[in-house]
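Reader: I would like to learn how to read this model, feature by feature. Where do we begin?

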Amino acid sequence: MKVPMGIRTTIYGGHCWPIHTTMVLLAWIKLYGIPWDPRIILSILVHDTGYAAYACNNLDGEEGERHPYFGAKLMRVFGKEWYDFVLYHSRFLAKRDGKSYSKLCIADKLAVALTPAWMYIPLARATGEIKEYKALAIQGKYAAENDGNLSDKEWFRGVQRFLWSWAWNAYWEQKEKESRP
C-alpha cells in the first residue's frame, strides 16, 4: 500500500512539519515581527495538517486544495476569525470564496521563498511531489511561476522568485488596505 502524498509531504517532504512550520514562523517574523499572540503560533503549527489528516493523494488537486479545512476547524475554537485566518492561507479557497487571503497565506508563501533549495529539493523529490508540481506547471496551472520542463533546481528558483515577489506585493497591498480609513 502506497502512503498518500499528504502524509508523505508532512513527514518528510516539502511540507515537512518541523521544517515548514519553522520557515513559516521565520517568514512571519520577517513580515510582521515576533508573534506574541499564541494563536498565531498555533495557526502556523496546524495550517497544513489537513494534508496528512485527510490522507490527500495530491497536493494541488481536488483533495489537496481542501487541506486547510482541518487546521481551520481546529482553530475555530478561538472564533470564526481564526478559522478564516487558517482557511484562507489558501489563495485558491480565498479566491473561490471571494475572500481576502490571510496574513498566514503571505507568510506561508514567503516561507517557500526562504527555504534553501538544498533543503527543499531533496524533500520534494523524496515524496514525488516535485513531479506533481512540475506536471501542473507544464499543464499551465503555475504559468505565472515558471515552466515545469526546467531542471529541479531551475524550477525551484523560479518558484522562489515568484513567491518572494508575490508575498511582498501582497504584504504591501494589505498594509495599504489597513491604513485606509
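**Reading one residue, then the fold**

Author: At 14% relative accessibility, K109 counts as buried, because buried means under 20%. Keep in mind that the model is predicted.

Reader: Which helix holds K109?

Author: K109 sits in helix α8, which covers residues 103-114.

Reader: Which residues does K109 contact, leaving aside neighbours within four places in sequence?

Author: K109 is in contact with H89, R91, L163 and W166, once neighbours within four places in sequence are set aside.

Reader: Let us take V24 next. How far is V24 from K109, in sequence and in space?

Author: Read both separations together. V24 and K109 are 85 residues apart in sequence. Their C-alpha atoms are 8.1 Å apart in space. V24 itself belongs to helix α2, residues 17-32.

Reader: Is V24 buried or exposed?

Author: V24 has 0% relative accessibility, so it counts as buried. Leaving aside neighbours within four places in sequence, V24 contacts I44, H47, L104, A107, D108 and A111.

Reader: I44 is on that list. Which residue of helix α2 can I compare for distance to I44?

Author: Take T22, which lies in helix α2. T22 and I44 are 22 residues apart in sequence, and 8.6 Å apart from C-alpha to C-alpha. T22 has 40% relative accessibility, so it counts as partly exposed.

Reader: Now helix α11. Where does A170 lie, and what does it touch?

Author: Helix α11 runs over residues 152-179, and A170 lies in it. A170 touches Y101 and I106, not counting residues up to four places away in sequence. A170 has 1% relative accessibility, so it counts as buried.

Reader: How far apart are A170 and P38?

Author: A170 and P38 are 132 residues apart in sequence. In space the C-alpha to C-alpha distance is 24 Å.

Reader: What does Q174 touch, not counting residues up to four places away in sequence?

Author: Q174 also lies in helix α11. Q174 touches Y32, Y101, S102, K103 and I106, with residues up to four places away not counted. Y101 and I106 are on the list for A170 too. The relative accessible area of Q174 is 14%, so Q174 is buried.

Reader: Is F162 buried or partly exposed?

Author: F162 lies in helix α11. F162 has a relative accessible area of 22%, so it is partly exposed. The cut-off decides this case, because buried means under 20%.

Reader: How many helices and strands does the protein chain have?

Author: The protein chain has 11 helices and zero strands. Along the sequence the pattern reads α-α-α-α-α-α-α-α-α-α-α.

Reader: How does the radius of gyration of the protein chain agree with a compact globule?

Author: Compare the value with the rule. A compact globule of 181 residues would have a radius of gyration near 16 Å; the protein chain has 16 Å, so the two agree. The C-alpha trace spans about 45 × 35 × 30 Å along its principal axes.

Reader: What share of the residues is buried?

Author: Buried residues make up 51% of the 181 residues in the protein chain. Contacts tell another part. Among contacts with a separation of 6 or more, 60% join residues 24 or more positions apart.

Reader: What about the surface and the charges?

Author: The accessible surface of the protein chain comes to about 9400 Å². Carbon and sulfur atoms hold 60% of that surface. The protein chain has 24 positive and 19 negative charges, and their mean positions are 1 Å apart.

Reader: Last, backbone angles. What is the general idea?

Author: Most residues other than glycine have a negative phi. Now the case here. A55 has a phi near 50°, a positive value in a residue other than glycine.

Reader: Where does A55 lie?

Author: A55 lies in the loop between α4 (50-53) and α5 (68-75). The relative accessible area of A55 is 28%, so A55 is partly exposed.

Technical notes. Residues numbered from 1 in each chain as written. Predicted model: local features only at pLDDT ≥ 70, side-chain atom pairs only at ≥ 80, totals over all residues. Heavy atoms only, no water. Helix = DSSP H or I, 4+ residues; strand = E, 2+ residues; numbered from the N terminus. Buried < 20%, exposed > 50% of the residue type's maximum accessible area, 1.4 Å probe, protein only. Contact = heavy atoms within 4.5 Å. Rg over C-alpha atoms; globule rule 2.2 N^0.38 Å. Areas by Shrake-Rupley, 256 points an atom, 1.4 Å probe, with all protein chains shown as cover. Lys, Arg positive; Asp, Glu negative; His and termini not counted. Charge placed at Lys NZ, Arg CZ, Asp CG, Glu CD.
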